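Try each task before you read its solution.

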Amino acid sequence: MCGENGSRTDAYVSEIYSRQTYIKTYQANFHPVLSENFWRDVPFNLTFYPRNMKNERGRKQGKRFQGEMDYRNSDSPPRCGICRMPGYNRKNCINPGPSNV
């Protein structure tokens, strides 16, 4: 698009994304961390509490706000998901209809 109308790309793209900036960022040498034998002692205790870290099972509960459409009228009995008849659910449906197998 910029080549079609003759404008320069550096007018639209920041200097941060240039090749020169990328090279400057990674030209420094990275040194590996030495083993714990070379670490300095600290004047405080480092404490780790694994009991605070829970690995909960299952899918996490959603944080959606409930609206008035999300609440079922307590006067009406549950309905079947297949035939929509009141009084039972799809597990106990007495009118299963044609099989989709």
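**Exercise 1. Find out whether Cys80 is buried or exposed, and whether Cys93 is.**

Step 1: Cys80 has a relative accessible area of 0%, and buried means under 20%, exposed over 50% and partly exposed in between (1.4 Å probe, protein chains only), so Cys80 is buried.
Step 2: Cys93 comes to 15% relative accessibility, so Cys93 counts as buried too.
Step 3: Buried residues make up 4% of the 101 residues in the chain.

Before going on, please note that this is a predicted model, in which local features need pLDDT of at least 70 and side-chain atom pairs count only at pLDDT 80 or more, while totals for chains, interfaces and linings use all residues. Residues are numbered from 1 along each chain as its sequence is written, and side-chain values use heavy atoms, leaving out hydrogens and water.

**Exercise 2. Work out how many disulfides the structure holds.**

Step 1: A disulfide is a pair of cysteine sulfur atoms within 2.5 Å.
Step 2: The structure holds zero of them. For Cys80, the nearest cysteine sulfur is that of Cys93, 3.7 Å away.

**Exercise 3. Locate the aromatic pair and describe its geometry.**

Step 1: Rings of Phe, Tyr and Trp (its six-membered ring) pair if their centres lie within 6.5 Å; planes under 30 degrees apart are stacked, over 60 edge-to-face and the rest tilted.
Step 2: Searching the whole structure gives one aromatic pair. The ring centres of Tyr22 and Tyr26 are 5.1 Å apart and the planes meet at 55°, so this pair is tilted.
Step 3: Both tyrosines sit in helix α2 (residues 19-26), four residues apart, about one turn of the helix. Helices (H or I, at least four residues) and strands (E, at least two) are DSSP runs, numbered from the N terminus; the chain has two helices and zero strands.
Step 4: Tyr22 is exposed at 55% relative accessible area, and Tyr26 is exposed at 53%.
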